[in-house]
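Let's take a walk through this protein together, from its overall outline down to single residues. Have the model open beside you as you read.

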Amino acid sequence: MIHEIAPHKLNNAFNVVDPKPNDFVIRYDGTKTLLKKTASGQDGSPTAGYAIPRVGELLALEGKSLTDFKGHYLFSIDDTAFFLDDSLAGQSGAISGDDRAVQIPAGFEYMGSRTFRSMNPVERMGGATAVHIAHWESLNRFCGRCGSATARGDHERSIVCPECGNVVYPRISPVVIVAVRNGDKLLMAHNIDNPNPRLFLISGFVEVGESLEQAVHREVLEEAGVRVKNVRYFGSQPWPFSDSLIAGFTAELDGDDTIHMQKEELSEALWVKREDIPEYETDVSISCCLIENFRRGFTLDSDA
Ligand SMILES: [Zn+2]
C-alpha cells in the first residue's frame with residue numbers, strides 16, 4: 001500500500017527547518033503540481049515519466065540561490081525533506097492561467113495528483129502527501145469564522161487566525177471500503193468517476209454520526225442494494241488523493257443476493273467468481289489488497 005515504503009521511513013513530526021538543495025519542492029497551484037518530465041520512467045520503463053523537482057534545481061532554473069527560497073518544511077522521508085513552495089501563494093491564494101504559463105520552466109509541466117501514482121514509492125507517498133497538505137493550506141487562507149487572513153501555526157501542523165484564534169487542522173476524511181463475499185463470489189463495482197475502467201469494491205465517505213461499521217452497512221445497501229453481516233476490520237491506509245483515511249473491511253452477504261445498483265454512483269456492480277478475478281497490484285491501494293486477499297483464497301483475516 002502507498003504508505004508501506006520500508007526500508008524508507010516517513011518523519012511527519014512538525015518542524016521548522018531550512019531547505020537543502022537536494023530536498024524535494026512542491027509547487028502547487030490549487031489543483032496541480034509542477035513536475036519535471038523525465039526521459040524514462042523511474043522504474044526503468046521506456047515510457048516518459050515525471051519526477052518531483054529538487055529545491056536547488058528549481059532555484060537554479062530561475063536564477064536564484066538558496067537564500068531566495070520561499071517555502072516551508074512539511075516532512076521528511078529518510079534524510080530528504082519535502083518543502084511546499086510559497087512563491088505562488090499570493091493574497092488570493094490563486095494564480096491565473098497566464099501567470100502560471102509564464103512561470104513554467106522548460107521541461108516542466110503542471111500535473112494532477114494521479115501522476116504521483118506512477119512514481120517510485122518515496123516520491124509517490126511523499127508527493128501525494130505533500131499535495132494533501134498543500135490542498136488543505138490552499139483552502140484555508142482566510143478564516144472561516146471571521147474572514148481574516150490566516151497564518152500557519154508555529155508549534156504544530158495547524159492554521160490559525162490571528163484575529164479570532166480559530167485553529168484549523170489538516171482535513172482527513174474517513175472512508176470505508178468493503179470486500180463483500182457471497183460464497184466463492186466477490187461483490188465488485190465500478191465508480192462512474194473513476195478513470196480506471198477496472199472493477200473495484202464498494203466504498204464511500206463516512207457520514208456524520210455513524211461508526212465505520214455502520215458506514216459499511218449503509219454504503220453496500222445504497223450502492224448495491226444488498227445487506228451484509230460479519231463485518232470485520234481488515235486494515236487502513238492514508239489516501240492523500242482524496243484527503244482521506246481509508247478503513248478496509250470484509251463482510252458476508254446477508255440474505256438476498258439480487259443487486260440493485262445505484263446508477264448515480266456506479267456504472268457496474270456484480271458478483272464476480274473468484275476464478276474470474278484478474279490479478280491486482282497491491283503496492284498502492286487497500287482496495288487491491290482486499291481483492292487479492294479474496295482472489296488468493298485467504299480467509300477473512302487480513303494476516304491469514
Ligand atoms: Zn478568525
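The secondary structure of this protein comes to five helices and 16 strands. Helices (H or I, at least four residues) and strands (E, at least two) are DSSP runs, numbered from the N terminus. Please keep in mind that this is a predicted model: local features need pLDDT of at least 70, side-chain atom pairs count only at pLDDT 80 or more, and totals for chains, interfaces and linings use all residues. Residues are numbered from 1 along each chain as its sequence is written.

Let's begin with the overall dimensions. The C-alpha trace spans about 65 × 50 × 35 Å along its principal axes. For 304 residues, a compact globule would have a radius of gyration near 19 Å, and the 22 Å of this protein agrees with that. Here the radius is taken over C-alpha atoms, and the globule rule is 2.2 Å times the number of residues to the power 0.38.

How many of the residues are buried? Of the 304, 31% count as such. A residue is buried if 20 or more other C-beta atoms lie within 10 Å of its own, exposed if 12 or fewer, and partly exposed in between, with C-beta atoms placed from the backbone. Contacts tell us about the fold too: among those with a separation of 6 or more, 61% are made by residues 24 or more positions apart. Two residues are in contact if their C-beta atoms, placed from the backbone, lie within 7 Å.

The domain assignment gives domain 1 (10-139) and domain 2 (173-295); such bounds come from an automatic or database domain assignment. Taken over C-alpha atoms, the centres of domain 1 and domain 2 are separated by 32 Å. Where the two touch, seven residues of domain 1 are in contact with four residues of domain 2. The residues on the domain 1 side divide into two nonpolar, four polar and one charged. In this count Ala, Val, Leu, Ile, Met, Phe, Trp, Tyr, Cys and Pro are nonpolar, Asp, Glu, Lys and Arg are charged, and the others, Gly among them, are polar.

Now look inside. The largest nonpolar core has 61 residues, and those with the most contacts inside it are I26 and V178. Domain 1 and domain 2 both give residues to this core, so it lies between them. A nonpolar core is a set of buried Ala, Val, Leu, Ile, Met, Phe, Trp, Tyr and Cys residues joined through C-beta atoms within 7 Å. Setting aside residues up to four places away in sequence, I26 touches several others, including F82, F83, L84 and A130.

From here we can turn to the sheets. Strands of a sheet pair through backbone hydrogen bonds, either parallel or antiparallel. Two strands count as paired if DSSP finds at least two bridges between them.

Strand β5 (residues 71-77) runs antiparallel to β6, joined by six bridges; Y73 has F83 as its bridge partner in β6. The two form a hairpin with two residues between them, and D78 in the turn has a positive phi of about 55°. On β6 (residues 80-85), five of the six residues are buried. Strand β2 (residues 24-26) runs parallel to β6, with three bridges joining them, and F24 stands opposite F82.

Another open sheet has three strands in the order β8-β9-β10, with antiparallel pairing. Its edge strands are β8 (151-152) and β10 (167-168). Two bridges join β8 to β9 (residues 159-160), where A151 is partnered by V160.

Finally, follow strand β14 (residues 228-239), which pairs with β15 (residues 244-253) in the antiparallel sense over nine bridges. K229, for one, has E252 as its bridge partner. These strands also form a hairpin, with four residues between them, and D243 in the turn has a positive phi of about 55°. P238 is in strand β14. With 19 other C-beta atoms within 10 Å, P238 is partly exposed. Leaving aside neighbours within four places in sequence, P238 is in contact with I2, H3 and L245.
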